[in-house]
Amino acid sequence: MGCTVKHDLIGGDVGIQVTSKLTWKKLNSIMLYDADGNSIGSFRWNLKRISLTGCVSCQSPPAVREIKPGTESLWVVSLDMEDGVLVLRLKMGGNVLYETELKGTCAERYSKVDRFAFFDSSCESTFRYSKADMVAGARITPTCAGACPEE
């Protein structure tokens, strides 16, 4: 749990904010964990695909595919409970580029998200850390996309 960030993703006002470049091949990846540090799944996206382990796997919508490869931008990934429905969103520049309602076992599974971490990220990527909304694990570094140092 020292390599995760505790964050009330569903009940909070702040999603996971990542600044990264989007390409056709390399996936941006966020691991999602429950309160005990057990892996729930991952959210991954690039110009070609969007996926949420066990629940979503689709072609990126036209608004994402039209972005010039290599464009660096602030992306916001959120899980929001709206009228009892869990909604997954991906935003760029304040605009919702993708959203879907999670239902059944997917909603149940991802409603338990309590922590996140990055994996397979380059040091060019960064995330916005909010002390008011998040608690960083002891091993999280301020550089290299918050990745824990290899030992």
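# Briefing: Ser42 and its surroundings

Leaving aside neighbours within four places in sequence, Ser42 is in contact with Ile30, Met31, Ser51, Leu52, Thr53, Tyr110 and Phe119. The structure is a predicted model. Ser42 belongs to strand β4, which covers residues 39-45. The points below place this residue in the protein.

**Ser42**

- The relative accessible area of Ser42 is 8%, which is under 20%, so this residue counts as buried.
- Two of its contacts, Ile30 and Tyr110, are listed among the residues with the most contacts inside the largest nonpolar core.

**The nonpolar core**

- The largest nonpolar core contains 36 residues.
- Within this core, the residues with the most contacts are Ile30, Trp45, Leu79, Leu102, Tyr110 and Phe116.
- In soluble globular proteins, nonpolar side chains tend to be buried together.
- Trp45 touches Leu22, Lys26, Leu27, Asn28, Ile30, Ile50, Trp75, Val77 and Leu90, when residues up to four places away in sequence are not counted.
- Ile30 is therefore a contact of Ser42 and also of Trp45, under the cut-off of heavy atoms within 4.5 Å.

**The protein as a whole**

- The protein has two helices and 12 strands.
- From the N terminus on, these elements follow the order β-β-β-β-β-β-α-β-β-β-α-β-β-β.
- The protein comprises 151 residues, of which 44% are buried.
- Of the contacts with a separation of 6 or more, 57% are between residues 24 or more positions apart.

How values were computed: Residues are numbered from 1 along each chain as its sequence is written. This is a predicted model: local features need pLDDT of at least 70, side-chain atom pairs count only at pLDDT 80 or more; totals for chains, interfaces and linings use all residues. Side-chain values use heavy atoms; hydrogens and water are left out. Helices (H or I, at least four residues) and strands (E, at least two) are DSSP runs, numbered from the N terminus. Buried means under 20% relative accessible area, exposed over 50%, partly exposed in between (1.4 Å probe, protein chains only). A nonpolar core is a set of buried Ala, Val, Leu, Ile, Met, Phe, Trp, Tyr and Cys residues joined through side-chain atoms within 4.5 Å.
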